[in-house]
Amino acid sequence: INLETTVGGIPLSTCVYNASGPRTGASAALAKIAASSAGAILTKSATVEKQNGNPQPRIWHSGDDLASMNSEGLPNSGIDYYLSKTTIDETMEGCGGAAKPYLVSISGKTLADNLVMLDRIAKTMEEEKRIVGVELNLACPNVIGKPIIAYDFDQMRDILETISKKNYGFVLGLKLPPYLDGKHLQQAAAIINEYSGMVKYVVSINTIGNALSVDPISEAPYIASNNGLAGLSGPAAKFTALANVRQMRQQLDSGIDVVGVGGITTGRDAFEFLLCGASAVQVGTCHWKEGPKCFDRIVGELRELLAEKGYASARDCMGKLRPWS
Ligand code: RRO
């Protein structure tokens, strides 16, 4: 069973790779993704400078494995670390030195910061061919005092307009938040379609922001940062993610790919996203909890399920969700 795909024109050997965030902050962790069946390697969202993130504890997993929460606050090693030859060399040691598609995620605190990072990426990519694309995160829910950019449509259009004037040549993807109202999703898709010459793919969804978990023993939030408010992920997020992927696929121009992420734990979950129109899927919370062996397992389960259902390739089922009957 062929699991190859393309995302924004980038060829991937399998349609499963990691989400930005868990186990993506340092080259040792990225090398383990490279060593697995993951079709690409995506870094932790970077800021211009290295930063430590929010106070601990800032993550929580529910006892039933259905939900996780984080208020990490963008801990990362700074953009130059993720662009450095040493970091990329160390990452590719995981796949025996062979290059696997390496994607850089950025999440600037301001438009100016994003432009600084995009300029550095463009310059680095002139020499460093292993970096194949950029995921611009417009959806971090945990920057204290800042709204989610992609919920502010004026700000979102402003960012895309400003970036479009720079005429970068690289493959650009947008990490989007979950839209909980179809009308909002429609508005976001319409703005992205205005930039279909520049935006080659979207990634839906980031965590569901503004969630709260409460400890009945201490009678306090489980998470210390941001008054306990955090982004919700894991299997509980899957249904919102599927709806976002499905509607993005229906509303975005056909030249813009959709990458699905949210609660994927099994090959069956991945299959559901492919049916809804995802060209590839990312695994976040499950990678966090299970470690990088999740990629081999999910890829194996997806292969088995596709074979059982008579599909010769992942491509054959993409977007083939049937109407209720
Ligand atoms: O670092 C984080 O707190 C974080 C980010 Br940047 C994000 O995009 N999504 C998330 O759930 N956490």
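Student: In which loop is Pro-57 found?
Tutor: This is a predicted model, in which local features need pLDDT of at least 70, side-chain atom pairs count only at pLDDT 80 or more, and totals for chains, interfaces and linings use all residues. Residues are numbered from 1 along each chain as its sequence is written, and side-chain values use heavy atoms, without hydrogens or water. Helices (H or I, at least four residues) and strands (E, at least two) are DSSP runs, numbered from the N terminus. Pro-57 belongs to the loop between strand E4 (41-42) and strand E5 (59-61).

Student: What is omega for the peptide bond from Gln-56 to Pro-57?
Tutor: The bond to consider leads from Gln-56 into Pro-57, and it is cis. Its omega is near -5 degrees.

Student: Which residue does a cis peptide bond join to Ser-204?
Tutor: Omega of this cis bond is about 15 degrees.

Student: What is the phi of Leu-74, and where is Leu-74 found?
Tutor: Leu-74 is a residue other than glycine, and its phi is positive, near 60 degrees. As for its place, Leu-74 lies in the loop between strand E6 (68-70) and helix H2 (79-83).

Student: How many residues of the contact of H1 with H3 are charged?
Tutor: Ala, Val, Leu, Ile, Met, Phe, Trp, Tyr, Cys and Pro count as nonpolar, Asp, Glu, Lys and Arg as charged, and the others, Gly among them, as polar. In the contact of H1 with H3, three residues are nonpolar and three are polar. The number of charged residues there is one.

Student: Which residues lie nearest the centre of the largest pocket?
Tutor: On a 1 Å grid over the protein atoms alone, a pocket is an open set of points where a 1.4 Å probe fits, with protein on both sides within 12 Å along at least five of seven lines; lining residues have an atom within 4 Å of a point. The largest pocket is lined by 46 residues. Those nearest its centre are Ser-20, Gly-21, Pro-22, Asn-70 and Trp-288.

Student: Which element supplies the largest share of the lining of the largest pocket?
Tutor: At least two residues of this lining come from each of strand E8 (131-137), strand E14 (229-233), strand E16 (280-283) and helix H9 (285-290). By class, the lining of the largest pocket holds 17 nonpolar, 20 polar and nine charged residues. The largest share of it, five residues, is supplied by H9.

Student: How many residues line the second largest pocket, and which lie nearest its centre?
Tutor: The lining of the second largest pocket consists of 18 residues. By class, nine of them are nonpolar, six are polar and three are charged. Nearest the centre are Gly-108, Lys-109, Lys-146, Ile-149 and Gln-155.

Student: Which helix gives the most to the lining of the second largest pocket?
Tutor: Helix H4 (111-127) and helix H5 (153-164) each supply at least two residues of this lining. The most, three residues, is given by H5.
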